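Please read them with the coordinates open.

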Amino acid sequence: MTEKSLGAGLYIHIPFCQRKCPYCAFYSVPVSGRSMDRFADALLREIDLYKITTPPETVYIGGGSPTCLPNETLIRLAHSLKQRFGSVEEFTVECNPAQANAELLEGLRASGVNRISIGAQSFDADELKVLGRLHDPGQIQTAVQSAQCAGFENIGLDLIFGLPDSNLMAWQNTLEKAMTLDVQHVSAYSLTIEKGTPFEKAVQQGSLTMIDEALERTMYELACVQFEKAGFGHYEISNFARPGFQCRHNLRYWKNRSVIGIGPASAGWYQGKRTTNVRDIDAYLTHIEAGRFARDEEQTPDLEQIAIETAVLNLRMRQGIDLAAYKQLTGFDLDELFGEAIQKNCDFGFLETTETHVYLTDLGLSFADTVAADFTSPD
Ligand code: SF4
């Protein structure tokens, strides 16, 4: 059975936000002055261009802020996907806490959406201000409760740590609040300073001071301990889930399985091609409304590139690289390509090997980028 016949993942990028956050490099623009119905129609037309015959295993509507769309538009989009594909095993919509409302959440649930990912980021009001977020901590709790009332039993929270001027007590407070909310999944990413963002400029000018690496590492380790204590399995470097609630869509990325990218600036990996759509809404609409794909780039990676990418992505998962699955997907024995890198990182205590897997140790988790760098060129 080919991957296509198993059903790919479907990622739909909604490139709108109410206001741009100063740390964010995702492609998104303000909502004002555009026809959102026209935009949603274009997304559906792009999906139809793929002539998908096997329903996707997962659908993920992300952004940007999907909840920037009017309630009826976002619900119509979800409903149209349900009409096309029936019920999808995991159908996620990202939700901004300031925009979650009962009518929207109930409409999404009735349209086949079964997972909500809430962009909480922090439970500290001052940190949310630093991040330029429009919500307050109380709205995160309200959003989770509204999703629960609407019937969602799979709710995730996104958190960010390592913020400028942050401290361990504020992070501990965020972790505790997150765990009192009865959610099933948490992602905890450290803040990275992205090129071209106001945060980058502020750091260069000295008006924003990042915390030191040792404190950031301590924050990460604290999150790992606290979430595991609360019953969340640590299944990927930055992701934690209650049993049975790992994010299947994101697992597709880490397993290097196919995902079709829909919408401006979205990236896809499908039928042996890596694609990126144009990063411009008007150009996107022009292409799609003329009945053609809106590609900015298209590459066909060779087998060795696929083998490298797969190793680096697989290593992000706590289970690591499954040697048999790796061979099946790439055609290579891992040891043949990366014997030296594996040995070196085992000697450092960053990797461990068994007969079936190669995976990061607890120590290796904090040095994952260094380990991954050793896997970017074969022996
Ligand atoms: S809401 Fe999310 S996607 Fe939009 S600007 Fe802020 S961080 Fe970026």
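1. Basis. This is a predicted model, in which local features need pLDDT of at least 70 and side-chain atom pairs count only at pLDDT 80 or more, while totals for chains, interfaces and linings use all residues. Residue numbers start from 1 along each chain as its sequence is written.

2. Domains. The chain is assigned domain 1 (3–254) and domain 2 (303–374); such bounds come from an automatic or database domain assignment. The centres of the two domains, taken over C-alpha atoms, are separated by 28 Å. Domain 1 and domain 2 each give 8 residues to the contact, where two residues are in contact if their C-beta atoms, placed from the backbone, lie within 7 Å.

3. Domain 1 side of that contact. Helix 9 (213–229), strand 9 (233–236) and helix 10 (248–254) are the elements that give two or more residues to the side of domain 1 that touches domain 2. Helices (H or I, at least four residues) and strands (E, at least two) are DSSP runs, numbered from the N terminus. Strand 9 supplies the largest share, 3 residues. By class, this side of domain 1 has 5 nonpolar, 1 polar and 2 charged residues. Ala, Val, Leu, Ile, Met, Phe, Trp, Tyr, Cys and Pro count as nonpolar, Asp, Glu, Lys and Arg as charged, and the others, Gly among them, as polar.

4. Helix 7 and helix 9. Helix 7 (residues 168–180) packs on helix 9 at an angle of about 25°, with the axes 10 Å apart. Axes are lines fitted to C-alpha atoms, for helices over the stretch in contact, and angles run from 0 to 180 degrees between N-to-C directions. The two helices are therefore roughly parallel to each other (angles under 35 degrees count as roughly parallel, over 145 as roughly antiparallel, 65 to 115 as roughly perpendicular and the rest as oblique). Leu-168, Trp-171, Gln-172 and Leu-175 of helix 7 meet Thr-218, Met-219, Leu-222, Ala-223 and Gln-226 of helix 9. This contact has 6 nonpolar, 3 polar and no charged residues.

5. Helix 3 and helix 4. The axes of helix 3 (residues 71–85) and helix 4 (residues 102–110) come within 9 Å and cross at roughly 10°, so these helices are also roughly parallel to each other. From helix 3, Asn-71, Leu-74, Ile-75 and Ala-78 meet Glu-103, Leu-104, Gly-107 and Leu-108 of helix 4. The residues in this contact are 5 nonpolar, 2 polar and 1 charged.

6. Helix 2 and helix 11. Helix 2 (residues 36–49) and helix 11 (residues 281–289) have axes that come within 10 Å and cross at roughly 50°, which makes helix 2 oblique to helix 11. Ala-42, Arg-45 and Glu-46 of helix 2 meet Tyr-284, Leu-285, Ile-288 and Glu-289 of helix 11.

7. Ligand shell. Cys-17, Lys-20, Cys-21, Cys-24, Phe-26, Ser-28, Gly-63, Gly-64, Ser-65 and Gly-119 surround the ligand (a residue is near a molecule if its C-beta atom, placed from the backbone, lies within 6 Å of it). The shell divides into 4 nonpolar, 5 polar and 1 charged residues.

8. Backbone features. Gly-63 and Gly-64, both in the ligand shell, are joined by a cis peptide bond with omega of about 25°. Gly-64 is in the loop between strand 4 (58–63) and helix 3. Asp-165, in the loop between strand 7 (155–161) and helix 7, has a positive phi of about 65° although it is not a glycine.
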